[in-house]
Every structure is written in structure tokens, then in C-alpha cells.
Amino acid sequence: MTTSSEHRQIRFNAFDMNCVAHQSSGLWRHPRDRSRDYRDLTYWTDLAKTLERGAFDGIFIADVLGTYDVYGGSNEAALRTGSQVPVNDPILLVSAMASVTEHLGFGITAGTAYEHPYPFARRMSTLDHLTKGRVGWNVVTGYLPSAARNMGQTDQLSHDDRYDVADEYLEVLYKLWEGSWEDDAVVADREAGVFTDPAKVHPIEHHGTHFDVPGIHLSEPSAQRTPVIYQAGASPRGIRFAAENAEAVFVGAPTVEQLASTVAKVRDALEAAGRDRYAARVYTLLTVITDATDELAQAKYEDYLSYASELGALVLNSGWMGVDLSQWDPDQPLGDVESNAIQSAAANIAAATGEDGSKWTIRDLARQTAIGGLGPVAVGGGATIADRLQEIQELTDVDGFNLAYAVTPGTWEDVIEFVIPELRTRGAYPEEYGSGSLRQKLHGRGDRLPDEHRGASFRIGSRAVVG
């Protein structure tokens, strides 16, 4: 197994959301933070150009379709602290960002619980056309009960049942994207007056447990056909889903030991699903606070901490875990909890310990996750951070890092200024982008799904899935 940083380069994604502060509640108050400008399109186009200057693989845009109302049984604390509310749609940002960049990829979060796959398939194909094949889809099954209630349900489905729905959702999409239009269906024959050859466009005739989609896909094939599939679930059921579908997997863990265990489980599951154990790029959540020296970076971190909202951190953690953290004494260890939200988040937090080996208390949790959420924070000058990133890759077998921010775009600008040049001098970070689609840039095997991927089995001629 190739794990050494000498044999592969480190990869970066930027982790953002169409809201204020994202996972660093309270930091919107910092004079260096521009997240309040999330409503302004120039914030996003400027950010896209910045990230492309740093040769980031992409920008990964999170999303929720509900408020964090688990803490205290209401969304009052979420509204007060600006914890992922207000929040706008992520998909509408992509066309503008693509228009000012040439290479940057876009990982868009959208759920399988509340939108029918038929219109969603067209929306993603449209973006893949407009971006010339730079779109990925982060598949989420949902975890906020408030979203379920506002979509006419009493509560969300159980954790594993949500993945069962997602399995069929993906099947419908693969049939539409891969199995409806032949590559040469559009003939654009001016003499004959024929734009599309009807014999080369096939209804998918899907009749399943959750969805009935008899017709054809509305879009002609895009550069990638199927967007790059991202997935962030690290529960046993989530890992199985990722092993069958994902081409990039986002994970997070508070310690290197937990991270290494999670990455190994993902790699093993990929092999069990009949794929290469490196068929999916694995990125881990991390926030980097850096500057010209270790001392300046530490001072910057302490400055950021003075703006952080521990209440906002507890609001977010309550939503991620599905547990109302307001009901416990702040100095009480959390321990194991039953979660119908993000099970891996609950498991990681329950296992987290301090330097003395003691279990995290609620107060520890608030303090440790107030900047950047559930991933660790790395603080230091460029060389110190580069050492740490290479060490993490060596010890855990990750491909790269999903970089959250303390302030935006400053956190990423600092990485580009202080860390990336250091990594490049070590040959540990790409000097420039490769050519082709997002899939080609990530895996180097072409623009389309590889033959061993689940989605490829729904191609025309692969098996009888179309009429």
C-alpha cells in the first residue's frame, strides 16, 4: 500500500457553505471575515479565482434543508448565533464561479430525501454542460428533523432506511445519466431536418419501491454524464454506500488514530465492493491557521478563538449528533449516545479524549469544535503545517484535506501564501492542474465512470435497463 508522501501529492478542497460562518460560529464578527457577503455573487467568483490560483481540486459546498433546532428544542440559539441559518441554495452559485475559472471543480451537496431524482438529474446535467465537466455531487441522505417536518413528514426516516432510499435514488439517476441517451443520439442533420435520432434515446422504465420513472432523460449527454460522486457518511451503512458509489469520500475525526481507522474501513469496503482500494479519493476535514512563523500563527489562532461562539458550536453539534446537548451539565462527559443523525459524528465525539486521556466534556466539545467543526485545527508556520500534513497522510493514508475556514477567504489565502509553496518545494503539491474533467483530474482515467463502478452497469448495452 502506497502511503508515503514521497509517492503521492497532497490534495486540497475548500469547504464552504452558502451561509454565514459555516462551521466556525461567531467568527462572522471578525474584521477579516467576509462570510457575511455570502449573498453577493462577487464573493463567490472572487473565492473561485483564489482557489484556482492555489490549484485546489475544488470547492465543496455543504448544505442543509432545515434549521438546527435540536439544541434546546428550538432554533432560537441557531438564529441568535448564525449557525447555518440563514442559508441559501448552493447549486445556483456554480455557473458564476465556473465562468471565471477554467479548472476548479465544484462539489455540490444535495439530498436524496426531498427532491425527486427526475428533475435533479437534469439540473446536474445542465451544470456539467455549463462547466465543461467540472461538477461533482455530494450525496447526503439528510439528518435534520426540521427538514423532514417542513417537507410534510413527522420525522426523518431511520438512519439505515435513508440509505436504502438513496440506493434506489442513485439507480434512477444512473439509468438517466448513463442509460438513456446514446453518445451519438444528437445528429444535428441540417439537410434532413433531424436534430436527435429517436432510435438512440431510450426510456429507462424504472419502477421501484420508492420511485417510478418510465421516461427518458431530458438532457443530452454531458462531458462526464454522471457527475463525480462525493459522499461523506462514515457509519457502517454510509461506508457501504460510499464503497458502491463514491469517487471522493470526505471523512473527519478528532484524532489521527480515529482517522486512520476510518480511512482503512473505507479502503477495505472499496475492495469488498469489487473496486480498487484507491478508487475513491479520501479527504479529511481540517482547519489550518498559518502565518509566516509559528508564533504569528499561534497569535492568529488565539485571536480567532476570542470571537468563536461555544454556544453556536453546541447548536451545530446537537444537530450533527441528533442529541440535545443543552440537557447535560457542561462539565459532564458525553459518553455513548444513540443517533439517528450523523452516526459517525456521535461515535467520534463519544470516543474523543483530552491529552490526559479523559473523555471530552460538553464544555470540551464546545471549545474544541468552535473553529472548523468536527475536524482538528492545525496551527503553525508554513513549514510546520507542511510537516503536519505529510505526517497525517503518512499515518492515515488520506489523499488530501477538506479545508474548513476560520475566516473567509483569509484562511485559504493564508494556506496559498504560506503552506502551498512549502509543499511544492518538497514535491508534495501539484504545480498546476492537469487537463480534462473533474473526474479526469481526480483519477486520471478519463471523463466517464470507470467500467467497474456501479453506475457503469446501467450504460446502454451493459444490461437490459432501458426500453
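Modeller: What follows covers the cores, the aromatic pairs and some strand pairing, all read from a predicted model.

Biologist: How many residues has the largest nonpolar core?

Modeller: It has 82 residues. F12, F56, I59 and W137 have the most contacts inside it.

Biologist: Which helix gives the most to this core?

Modeller: Helix α6, residues 159-179. It gives 10 residues.

Biologist: What is F12 in contact with, leaving aside its neighbours within four places in sequence?

Modeller: Its contacts include F56, D57 and G58. Y283, L389, F401 and Y429 are also among them.

Biologist: What does the second, separate core include?

Modeller: V64, V228, L316 and W360 are in it. That core has 33 residues.

Biologist: New topic. How many aromatic pairs are found in the whole structure?

Modeller: The search finds 17. Take F120 and W137: their ring centres are 4.8 Å apart and the planes are at 55°, so this pair counts as tilted.

Biologist: Which parts does that pair tie together?

Modeller: F120 is in helix α4, residues 117-130, and W137 is in strand β4, residues 135-140. The pair therefore links parts 17 residues apart in sequence.

Biologist: Are F120 and W137 buried or exposed?

Modeller: Both are buried. For W137 the relative accessible area is 0%.

Biologist: And how are the rings of W137 and W177 arranged, stacked or edge-to-face?

Modeller: Edge-to-face, because the planes are at 80°. The centres lie 6.3 Å apart. W177 is in helix α6, so this pair ties β4 to a part 40 residues apart in sequence.

Biologist: Why does W177 count as buried?

Modeller: Its relative accessibility is 2%, and buried means under 20%.

Biologist: Which residues form one aromatic cluster?

Modeller: F15, F60, Y230, F250 and Y283.

Biologist: Now the strands. How many residues of β3 are buried?

Modeller: 6 of its 7, so strand β3, residues 105-111, is mostly covered.

Biologist: How many bridges join β2 to β3?

Modeller: 4, and the two strands run parallel. β2 spans residues 58-62. I59 stands opposite F106 in β3.

Biologist: In which sense do β3 and β4 pair?

Modeller: Parallel, over 6 bridges. A110 has V139 in β4 as its bridge partner.

Biologist: What does the chain cross through from β3 to β4?

Modeller: Helix α4. This β-α-β crossover is right-handed.

Key:
Residues numbered from 1 in each chain as written. Predicted model: local features only at pLDDT ≥ 70, side-chain atom pairs only at ≥ 80, totals over all residues. Heavy atoms only, no water. Core = buried A, V, L, I, M, F, W, Y, C linked by side-chain atoms within 4.5 Å. Buried < 20%, exposed > 50% of the residue type's maximum accessible area, 1.4 Å probe, protein only. Contact = heavy atoms within 4.5 Å. Phe/Tyr/Trp six-rings, centres within 6.5 Å; stacked < 30°, edge-to-face > 60°. Pairing = 2+ DSSP bridges. Right-handed = clockwise from strand over helix to strand, strands pointing away.
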